[in-house]
Amino acid sequence: MITIGEVTRSMNEAARSHDFKVQRLFNGQEQCFIYFYESLCDSILITERISTTFAKSTAKHAFEAMLRSELLCEEIREVSLLTGKLLNGYAIVFYHERLWGLSAADVKIKQPSKVDVEATIQGPNIGLSENIQTNINLIRNRYPSVHLRVDDCSVGRVSQTKVSILYDSSRVNTDILQEIQKRMKAIQADIVQDLGQLETLITTMKYRLFPVMLNTERPDRIVMNLAQGKIILVMEGTPFALIAPVVFYDFMSAVDDVYQPFWITRSLVILRYLALVTMIILPAFYIAIVSYNPEIFRVQLAVSIAGSRSTVPYPSFMEVFIMLFIVEALIEASIRLPKTIGQTATTVGGLILGQAAHEAGLVSTIMIIVASSVAILNFVIPVNAMSFAMRIVKYPLIILAILFGITGIIVGMFCFTLYLASLTSFGKPYFRFYLDEHSTTNYK
Amino acid sequence: MNKGFLILLVTIILLLPGCGFKDIDKRFLVVAIGVDQGVEKKYNVTLKLIIPTTLTEPGKSNSQLVSMEADSISEALELMRSQVDKQLDLGHAKVTIFGKSLAQKDITKHIDWFIRRRGVQRIEYIAVAESNAKEILTTSSKSERLAGNSLILSFGHEGTESSFIVSEYLYDFYERLLEKGRDPFMPVIKIKDNNYEINQIALFDKKKIRLILDPNQTRILNQLLYKRPDFEIRVIEEKLKFSLSVHKYHYRYQIHRSTQGQPTIDFDVRIKGTAEESEEIFFHENWGEIEQVAEHFIENAYLDLLTSMQKMNLDPLGFGLRYMATQHEGDKEWEDWKSLYPQVKFNIKVKLILEGTGEIK
């Protein structure tokens, strides 16, 4: 038996908030109390399910029978659970010294959105939504298997963000699954609001450059990885999912790779790797060749570079820093800008600034080509997290090129490769093409 | 290793300025080097420097010549540094030209600097000037986009693919200088009407110029050296005069050394081509006869070249090397060959296939 005093005391803290509603309902014979957060619950649903039925049930205990038969309604036997339920969008009914909770959560964003970050030309076009149930619904529809398991948990001491771990129980690597669950439990943060943050919290490495989990918004990619025995994390309020464990190649592949014919896919993969390598070393090579070993160029090119550089009073690396700074600033600015202004910003920055910088004698023509191609090549990498990481990698190489020329670049690339090879993703080697998984798509 | 030490190490490394750092616009790119016999001192070294421009248009090449007399090439270069405002960069030197007077003395001493000097690439072309190298460097052909470009294009077989131009790399020349049984050579550059003319070849023994071939012989030697098709043969016989354009060319030779009698080198040459120009129409005639006449003519021309080289004891084709490679007698092989080569008899067999007369009925 629960007394009204106990209930009131447990809700003491919550009741101070203005969006918390306490209401006493009276139908002429009996009374009941109803508690809910106005901002979290659907008041129409509460009216319909509780107040209307309460008004109609004139016989004694008729309302209790109604509550028992109500879907999504359960009895709460512990007063201590109350606040948690309330915060998850439950309406609490106190009736005849018993507590009932009705799930009346009103989630504003339920609709899955169009894929935005990982767009394809021809292929599935709907991405995840910000609602976890919708997301699991999307995934289950695409992966109708009894082995698909959903484990719920919450992270963040204050935010209590709902996270679901999805996996195929017949294919998953249980060691990795336990490892992930263990690390999720160990999270100490107060607020967890995004999967990127979650990724950082459950990776042991403190200074990390490369993503070790794949952040995706595409249900088809998720399903493909589920079938390979990988583990998927979806979070309430984020239209993305995390995939673990991953290898480097996953970040270089787009989902459409399995939707295209063999030669097209292979050529595109080669193109991406070429773009990656060029992007990393091009600015560094510019410095090394222009300032240390101009004999690598053909004499014709060397002369025109020397000519276009003759107006530039600074050494080559200053030129590189000026241009790359402008380009990076442009990219960074255009991410945050509204789409309408973004267009103008890129035009002003890209065209006018580049041209003017050259005419003012700040940079050479070749440097403008280098800077803009680096910017474009950067976007060839299909997964955003990786292309951000690769943007950083070119800077250490530039410094090595300034100090040691081509030798520096080669040593730098060597160290970079070693670093990548030393990484692991949940105990699995990272720098390889496949994780010994079988091909689920039977792609030829 | 503690953190302080690491920071110290990084700072020290960052403070090292690196002696090689010099921007491309602070360097003078040397495209060609000319070495002549000096009047007062041993050498007169001339460098052709490119003046960089943003726009390179045909005929608008800019260059600067610096020249200096000194007793050694490196000294001359050292002196020249005080004449120019930027660092001299030899990395782009594509052509080195020696004056004829130097080449007629001891070339080995002069070539030595080029091999040892850092920065000079061994893939540069070398040539000998008919008179002096400075004159060659002063001339620049009218159509040039870049100073020295026409020389590079001619030797690189990128632009013109003339069958008269034999190009020779520095490394190959050096190898030939050292190799027994394979003699060095250099193309000869002349000036004609303010343009370069490269159609002769100078053959060296291991020291100096011994023989300069005429253009026709140069062309045959070029065929023998590189087996490159696409050349013309002008057949001039009593009955028949015509030009043959060769599409396919291949030859083999074998050195026969019988215990008694004369050693022989048997050439087996196969040519396929069409007649391009003739004084009379011979479509209806027997092609077999035409082929025979031409074969005979080519055989004679080959024999002429080979015997003239043999007379001077020159061996640019590497018969000696081939001989030594096929014997098993150690150092004695070379001694043998030295006595054998002057006695060698050349047997040349040409098989010509005429693919067409190039005429329309």
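## T120(A), a loop residue

T120(A) counts as buried because its relative accessibility is 11%; buried means under 20% relative accessible area, exposed over 50%, and partly exposed in between, with a 1.4 Å probe and protein chains only. The residue sits in the loop between β5 (98-103) and α6 (132-142) of chain A. Helices (H or I, at least four residues) and strands (E, at least two) are DSSP runs, numbered from the N terminus. Leaving aside neighbours within four places in sequence, T120(A) contacts N125(A), R218(A) and D256(A). Contact means heavy atoms within 4.5 Å.

This is a predicted model: local features need pLDDT of at least 70, side-chain atom pairs count only at pLDDT 80 or more, and totals for chains, interfaces and linings use all residues. Residues are numbered from 1 along each chain as its sequence is written, chains are lettered from A and ligands numbered from 1 in the order in which they are written, and side-chain values use heavy atoms, with hydrogens and water left out.

## Helices α11(A) and α15(A)

Two packed helices are described by the angle between their axes and the distance between the axes. Helix α11 (residues 262-291) and helix α15 (residues 365-378) of chain A pack at about 155°, with axes 9 Å apart. Axes are lines fitted to C-alpha atoms, for helices over the stretch in contact, and angles run from 0 to 180 degrees between N-to-C directions. The pair α11(A) and α15(A) is therefore roughly antiparallel; that term covers angles over 145 degrees, with under 35 roughly parallel, 65 to 115 roughly perpendicular and the rest oblique.

On α11(A), the contact residues include A275(A), M279(A) and Y286(A); on α15(A), they include I366(A), V370(A) and L377(A). The contact divides into 10 nonpolar residues, three polar and no charged. Ala, Val, Leu, Ile, Met, Phe, Trp, Tyr, Cys and Pro count as nonpolar, Asp, Glu, Lys and Arg as charged, and the others, Gly among them, as polar.

## Strand β5(B)

In β5 (residues 95-98) of chain B, V95(B) and I97(B) point one way, T96(B) and F98(B) the other, and all are buried. Four bridges join β5(B) to β1 (residues 27-37) of chain B, running parallel. Here T96(B) is the bridge partner of I33(B). Four bridges also link β5(B) with β6 (residues 125-129) of chain B, again parallel. There, I97(B) partners A127(B).

## Y323(B)

Y323(B) belongs to helix α10 (residues 319-326) of chain B. Its relative accessibility is 1%, so Y323(B) counts as buried. Beyond four places in sequence, Y323(B) touches I255(B), R257(B), E333(B), D336(B), W337(B) and L340(B).

Note on methods: Pairing = 2+ DSSP bridges.
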